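Today I opened a new page in my notebook for this structure. I went through it piece by piece and wrote down what I looked up.

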Amino acid sequence: MHLALLKLAVLPDRTFRTVNPPMFPRSPHSCPDRIARHVLLLVMWTWCGASIADEAVKVPENIAAILQTHCSECHRDKNRKGGLQLDQLPGILAGGESGPVIDLKQLKESHLLQKIESGEMPPEDQPRLSTDDVTAIRNWILDEAFWSEASQASKETNSDHEVYPILLRRCIVCHGRHRQEGKLDLRTHASAMKGGQSGAVVVPGEPEKSLLIQKVRSGAMPPHDRLVEVSIKPIEPREIEVLAEWIKRGAADFVAPMPGPTDGPDTLVTATDREFWSFKNPVRPSIPDVRALDATPTEASNPIDAFLLQKLHERGLEYSPAADKATLIRRATYDLTGLPPDPNDVVAFLEDKSPQAWAKVIDRLLASPQYGEHQARRWLDLAGYADSEGKREQDLPRPHAWRYRDYVIRSLNADKPFDRFLQEQLAGDELVDYENAAEITPEMSDCLVATGFLRMVPDATWANITGYVPDRIEVIADEIDVLGSAVMGLSLKCARCHSHKFDPIPQRDYYRMLAVFRPALDEYDWLKPDVRAGLGPVSVDTMPGRLLPFVPTAERQAWEEHEAAVNQRVADAKARNASAEDIRAIESQRKPEPLIQALWDRGEPTPVYVYRRGDPLNAGEVVSPGAPSVLSSTNGDLDIQPPRPGAKSTGRRLAFARWLTRPDHPLTSRVQMNYMWQQHFGQGIVKTLANFGKTGTPPSHPELLDWLACEFVRNNWSLKSMHRLMMTSRAYQQASALEEDRLAKDPDNQLISRMPMTRLSAEELYDAMLIVSGRLDPTPFGPADPVQARPDGLITPSATANGWRRMIYVQQARKKQVTHQENFDFPQMNPNCVERRDSLVAPQALHLMNNGMVFQLADATADRILSEAGPEPAKQIERLTWLTQGRAPSAEEQQLGIETLRQLKDEWIAGSTTPGTQPPSEADAVRKALSTYCHAVFNSAGFLYVD
Amino acid sequence: MGAALVDLLARDGVALADQAEAPADAPIATDMLPRRPHHAPKAKAVIHLFMNGGPSQMDLFDPKPFLEKHHGENYFDRIAGEVENPQAAGALMRSSFKFRQHGQCGMWVSDAMPHLARRVDDIALVRSLYTTNLTHEPAVYLIQTGKMGPGRPTLGSWVVYGLGSESNNLPGYVVLDDPLGLPVNGVENWQAGFLPPVFQGTRFRSTGSPVLNLTPDVARPESIIQAERSLRSRLDELHRSKRPHQRILDARIASYELAARMQMAASDALDVASETAETQALYGIGTQPTDSYGRRCLIARRLIERGVRFVQLYINSQIWDNHTGLFTDMKAACDRTDLPIAGLIQDLKQRGLFDETLIVWGGEFGRLPIAQLPPDKDERKAGRDHNKNAACVWFSGAGIQGGVTHGATDELGFNAVDGRVSVPDWHATILHLLGLNYDQLYVMENGLRERLTGVAEARVVSEILK
């Protein structure tokens, strides 16, 4: 900051430092696209410009006293909420993060006056200003003579700082990194001064002689009829004046350097802010001695139980009795693999009387390939996985996204340490030297595929008309939102337009985070999702898209050989004068090039400016990459180095990923353990899974959460070991029965005095019907299975040659959601889903009662049972109950089943005697009766709910 | 897809409790029980006539003599950043339609809408709506959900979240889409976003089976259907009897009963044939080109009568998106909808429903005063490009002062200048008429208070209210 307003200091012993942001305290909200309706046309008061005044202008004493008493607690030198300092005149004139607070052109429109008169400031919980005080402030702010003198004393000297953002948003697309139309490159001061084909474009001191000014003044640049083609808006008169002024002043360098580290405490984040529980490193607590707490000693060999029982005992509660073994294995199998247990596995468990029987079940499930297929779904929800771009009618497909899905499944199956898993997804491209490698190994390729994590949000920037800078910023904001909610447990998006109102996240820190991602996500150097022909109007964008060819060398070679073989066959066919049809048939054997949807550092990032009020037309200070100060230190704490000597890559994301996966990071391990806890126990220890800040719910068991977080890291971030730990607790093995006493003392089960009864999720239900009916095609991985839409709008996954694959392999097209998913609460990814909501709506009943695929699967189940259980109804009912519910039928169910099968068979024979139709044969009626029975079971609570 | 939810665990009225103290994990309403509004409502129900595509204000409701005078003059360079298709931009273009004042109030309507022109004393026209994006998808998202992107609850979802529904066997929020195709953004136009799925709009088709999966895909004898129903209920009873206090299981059984009732009620509500020939004619049913839209208008009335809270009508694709051929294509759009809409107003009035039903007409943006030329540059086939700075919308029915014209655009019709109405204002006005305060209708989403209007400040357009 280059201000030199020292003499303007009014209150003694305070020096003027910097600008920034006023707060608009309201109720909590998120506001990704806040465009204030009543945008004040405030005088630009740039951060770099005011001259030394000869005489000090002073805030009148009575006003200074009011400000001192009511405002300076939060808006003073050492604590500048919203970047605003009200304890001395330069600070008042400089304004805050949203711009000026005094509107020198229209004093009555001044923000400061509005905030005070509306009663918004001071905040509700602070002493109110008296009417007299408000009147005094009003008179002061409306005192034109005072402000005229004050602003004279500090008038702008230059506004070079504003120049670069204008060039970035209006010119760089054609005169920058990728195109230098007229051989002009405006990216650096040197290249701008050098000019282009027509010579110099800037004549220092002579704006009207400068080609740059002539071109923009005449409207020749940016060219009006090609604006949409390059997704930019016309330059505004105000911006032209800024450029002209800059040239008039001598056209000095306009690229503001990134601020270096500063000493001393952060003026935007206080020591008290840092004391909030979730911002402090987790410390491994000691395990409570449950025996000591309770007269009747309880076994608590698993530390989780010690923490839980301690709280339960305080309320005079014990755990519920243990669930029976069949219930347990069904619960565990769904929890870990998303599938019903195989009857043989249930029987083996029932018969295994060894003390390790339960642990063996858990280990077997953790080792099964279906574990990854199910657990990946959880992570894909958090990442916001989808196979299409969304937002526009075309819903452009993402034909390569599936590699990321497969990467997640394989990583989880391999129990890749979570810190590594995260590092790969945030900065895999900086972990491996893929550009110089002689051979791309599967591991290297995985590191690139993993970065697809930051390519998942809805994105319409492939089209020119929805590819403007604000549209790109929206995409970046969504990615940051995904990172914030899935990994950091913070509502970072709040700080995009103003400092977070509740958490100590200054707007500066949001933009520091953007600077971390800038070398890969740069709104002024944008990679479009796709640039194929036929996608809307012509685009001048010749950038390479988001796909990289670095699949494993073996896979690449196989594809190249295949293509070469096809080429050869085509050549041969042509040589023998084959028909066009024959040649087309050969051509159709071509396979698409194997590509990776990735995110990578491209070097040379543009500077990151804080956008006041989130508005890219209102660029504030430049920031350096950094982590949020409240979680690190004043300077954002990243050790940024290029990943290897000579690398183009900046190393920013890698430094961030390493910071995020520090063993003692306050949030990373806590947030993940909370997600896992929610998965097994139905609700988080922190119920607001993606909000560990002040507006989130406090943890119900803070010590347990910290213990789990520390244990997770101690176990080398092994997710499997933590699943094992949670599931081998006695807490997990409780029954789910509700009893009045428990309901009274622990109504929402916050204390875990029982296990929750849960409904199968959309994919569990779908997969379960497939596996029960024997129609599950178990083939893993690869491109997504397409979906088909019926004219009435019903959308169903397409079958493979062997049935249907698990739902995780079904295409997730944003605008063609499978009806089954829609009905059973499978989320829309906008941008991601942190917690599924279970609904109970009539269309679910209608779906299971009437949908054709459910009928089809009921038929298949009947066939399977007939072949496995034979003709005897009792055996059939038994087999069906084992397959669908993992247990033997009760005597009542057996009885009901036998009677109903007989009745159904008779009804089928009787019901079909409409004229002209043959009644079904005995065998056919038996099959139809059984199918009807299976259909009823698919509709029954016993199948849909897990105890 | 959401029909009346029967989650008996849900607590009623939470959305409307004292807002200031709601904890981050406050339970939210997840049922369709009627809820108390914030203040006395004027409207019990809403019929939203969504005019996808962006109807041309200066050819329908906002006459511009200036354009007559300056027809053919270049204006593009002054608005270059506001044009979607700069290469096709032509000069200023006068309207090819003739304007006349109508009714007692003297409201200006062009001859493209002769039937609505007879009803102007029943509608309040707003000439000064503006929006923030000139591309269909973002603009449609904005007007439907308050944000220029997917993922947030739609207006109808917020309404039924706030008020529940008066109907026991029909969904509270019904969408009548055009059998010829979905509007831009497809089913996202009626999604519930982060609200519970029960508040999603349920699509009723005006032909065939009205709701997806409402009728079985496989035909079976009635006796089999009955036998299976009784089997399922006995299995569920056995299951429930072993699980006392699990109210979700009771609710699930109730949801099957509701599903059965819905099968009857939905078919009944769609039974247009049971209306008199006179009524059908009023809506233009049985004649072209009004039959299809007329049916939906009449079904809308039948749904409102049955207690449905929010009914939304769509037309296929974007019939108002007249980039070229404005004179013929916009006229065709009017011909399909004008008579049925006028008929709907008249029918509601004669049945005493007009004073409790709010009708809302409008699209996602307006159109430009300059021409958009077809590739062959033939001016006779010109149209108009999108304009985010001005659009006309109108309201009618409950709480609305008929005959009012609110707001004004500049002499070109390019920019709303007087009495500007933002999309959040438009939302707030509709909520207000239903007894809801936009600022107090919120849901706690991960510790944050989310509203239809987001963080925008909004103003009820009181000038059009009674």
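**Entry 1: a sheet in chain B**

I began with one pair of residues: B:Val126 stands opposite B:Val393, which sits in E13(B). A reminder to myself before going on: this is a predicted model.

Next I looked up the strands around that pair. Strand E5 (residues 123-129) and strand E13 (residues 391-397) of chain B run antiparallel and are joined by 5 bridges. I also noted the general rule that strands of a sheet pair through backbone hydrogen bonds, either parallel or antiparallel.

Then I asked which order the strands of the open sheet take. I read off E7-E6-E8-E1-E9-E13-E5-E14 in chain B, 8 strands with mixed pairing. Strand E7 (202-204) and strand E14 (405-406) of chain B are at the edges with a single partner strand each, so each has one side without a neighbour in the sheet.

Helix H11 (residues 423-433) of chain B lies across strand E1 (45-50), E5, strand E9 (357-362) and E13 of chain B, and runs at about 165° to E9(B).

**Entry 2: a hairpin in chain B**

I moved on to E17(B) and E18(B), which run antiparallel and are joined by 4 bridges. Their hairpin has 2 residues between the strands, and B:Asn446 takes a positive phi near 50° there. B:Glu445 stands opposite B:Leu448 in E18(B).

Which way do the residues of strand E17 (residues 442-445) of chain B point? I found B:Tyr442 and B:Met444 on one side, with B:Val443 and B:Glu445 pointing the other way, and all are buried. This goes with a rule I had written down: in a regular strand the side chains alternate between the two faces of the sheet.

**Entry 3: where the chains touch**

I looked up the contacts between the chains: 78 residues of chain B are in contact with 83 residues of chain A. On the chain B side, the elements that give two or more residues are helix H4 (136-145), helix H6 (222-241), helix H7 (247-269) and strand E18 (448-451). H6(B) gives the most, with 12 residues. I sorted the residues of this side of chain B into 36 nonpolar, 22 polar and 20 charged.

**Entry 4: two helices in chain A**

H6 of chain B came up again when I turned to helix H33 (residues 891-911) of chain A, since the cover over the buried residues of H33(A) includes helix H32 (873-885) and helix H34 (922-938) of chain A together with H6 of chain B.H33(A) has 21 residues and reaches 29 Å from its first C-alpha to its last, close to the 30 Å expected at 1.5 Å a residue. Its buried residues include A:Leu901, A:Leu904 and A:Trp908. Seen down the axis of H33(A), the buried residues fall within an arc of 165°, so they line one face of the helix.

I then looked up helix H6 (residues 163-170) of chain A, where 8 of the 8 residues are buried, so the helix is largely enclosed by the rest of the structure.

**Entry 5: one residue in chain A**

My last stop was A:Leu380, in helix H15 (residues 369-383) of chain A. Is A:Leu380 buried or exposed? A:Leu380 is buried, with 22 other C-beta atoms within 10 Å.

How values were computed: Residues are numbered from 1 along each chain as its sequence is written. Chains are lettered from A and ligands numbered from 1 in the order in which they are written. This is a predicted model: local features need pLDDT of at least 70, side-chain atom pairs count only at pLDDT 80 or more; totals for chains, interfaces and linings use all residues. Two residues are in contact if their C-beta atoms, placed from the backbone, lie within 7 Å. Ala, Val, Leu, Ile, Met, Phe, Trp, Tyr, Cys and Pro count as nonpolar, Asp, Glu, Lys and Arg as charged, and the others, Gly among them, as polar. A residue is buried if 20 or more other C-beta atoms lie within 10 Å of its own, exposed if 12 or fewer, and partly exposed in between; C-beta atoms are placed from the backbone. Two strands pair if DSSP finds at least two bridges between them. Axes are lines fitted to C-alpha atoms, for helices over the stretch in contact, and angles run from 0 to 180 degrees between N-to-C directions. The expected span of a helix is 1.5 Å times one less than its number of residues. The arc is that of the directions from the helix axis to the C-beta atoms.
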